[in-house]
Amino acid sequence: MNETYIRQLMERFLQAETTLEEEQMLYGYFQGEDIAEDLMPYREVFQSFSAVSGIEKDLPQAHTPVWMILLRTVTTMAAVFLIGLFFAVHSGSPEVPQQTIATNQTKHTPDLCEGNTPRELYMCYMERKREQSKTYHSLKRMIYENQQ
């Protein structure tokens, strides 16, 4: 490359008047071996610019094998199918027969505390906690006695 042209490009580069193509020419020049002695201090600067700007040497591009592309496609399709199947199966709410609901309400529904004031509700709550404690201790005692 002509050194006088490179010097002109350097002057224009330092004044921010170069185009992208001209800057790429400068990057290419400073990556080469034949650099003028007075331009050697700029070599490191232009090499760091070319690294930052993403200008790379002509390296062969790695191609993804066809079998890898096919495997990714099949895997993606299977994942989409399984997600769709999941939503299709679980889209409706499970239906519970009315007889089961009525039976469960009568057998396991605890009596609710009746009271209008916070004190009455708190007293009812404390009474239930005491009953649970007695039931827990009696169950624990029965389990302990049956193990021996």
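Let's start with E22, which counts as buried because its relative accessibility is 13%. Buried here means under 20% relative accessible area, exposed means over 50%, and partly exposed is in between, with a 1.4 Å probe and protein chains only. Before I go on, this is a predicted model, where local features need pLDDT of at least 70 and side-chain atom pairs count only at pLDDT 80 or more, while totals for chains, interfaces and linings use all residues. Residues are numbered from 1 along each chain as its sequence is written, and side-chain values use heavy atoms, with hydrogens and water left out.

So, where does E22 sit? You'll find E22 in helix α2, residues 20–31. Helices here are DSSP runs of H or I with at least four residues, strands are runs of E with at least two, and both are numbered from the N terminus. Setting aside neighbours within four places in sequence, E22 is in contact with Y5, L9, R12 and E17. Contact means heavy atoms within 4.5 Å.

Let's stay with R12 for a moment. The side chains of R12 and E22 form a salt bridge, at 2.8 Å from N to O. This pair links distant parts of the chain, with R12 in helix α1 and E22 in helix α2, 10 residues apart. For a salt bridge, a side-chain nitrogen of Lys or Arg has to be within 4 Å of a carboxyl oxygen of Asp or Glu. R12 has a relative accessible area of 30%, so R12 is partly exposed.

How many salt bridges does a search of the whole structure find? The search finds three. Let's go to R7, which forms one with E3, where the closest N and O atoms are 3.4 Å apart. Both R7 and E3 lie in helix α1, four residues apart, which is about one turn of the helix. R7 is partly exposed because its relative accessible area is 30%, and E3 is partly exposed too, at 37% relative accessibility.

R7 has another partner: the side chains of D38 and R7 meet in a salt bridge of 2.3 Å, N to O. Here again the pair links distant parts of the chain, with D38 in the loop between α2 and α3 (40–53) and R7 in helix α1, 31 residues apart. D38 has a relative accessible area of 44%, so D38 counts as partly exposed.

Now to the inside. Which residues make up the largest nonpolar core? There are 12 in all: I6, L9, M10, F13, L26, Y27, Y29, F30, I35, A36, L39 and F46. Helices α1 (3–14) and α2 each supply at least two residues of this core. By a nonpolar core I mean a set of buried Ala, Val, Leu, Ile, Met, Phe, Trp, Tyr and Cys residues joined through side-chain atoms within 4.5 Å. Take M10 as an example: not counting residues up to four places away in sequence, M10 touches L26, F30, L39, Y42 and F46.

F81, L82, L85 and V89 make a nonpolar surface patch of about 420 Å². Patches are made of residues with over 30% relative accessible area and no salt bridge; like charges are joined within 9 Å, and nonpolar side chains (Val, Leu, Ile, Met, Phe, Trp, Tyr) within 5 Å. V89 is found in helix α4, residues 66–89, and V89 counts as exposed because its relative accessibility is 58%.

One more residue to look at is A16, in the loop between α1 and α2. Its phi is near 60 degrees, a positive value in a residue other than glycine. At 70% relative accessibility, A16 counts as exposed.

Finally, let's step back to the whole protein. There are six helices and zero strands, and along the sequence the pattern reads α-α-α-α-α-α. Of the 148 residues, 11% count as buried. The protein exposes about 13200 Å², and carbon and sulfur atoms supply 59% of that area. Accessible areas come from the Shrake-Rupley method with a 1.4 Å probe, and for residues only the protein chains shown count as cover. As for contacts with a separation of 6 or more, residues 24 or more positions apart account for 30% of them.
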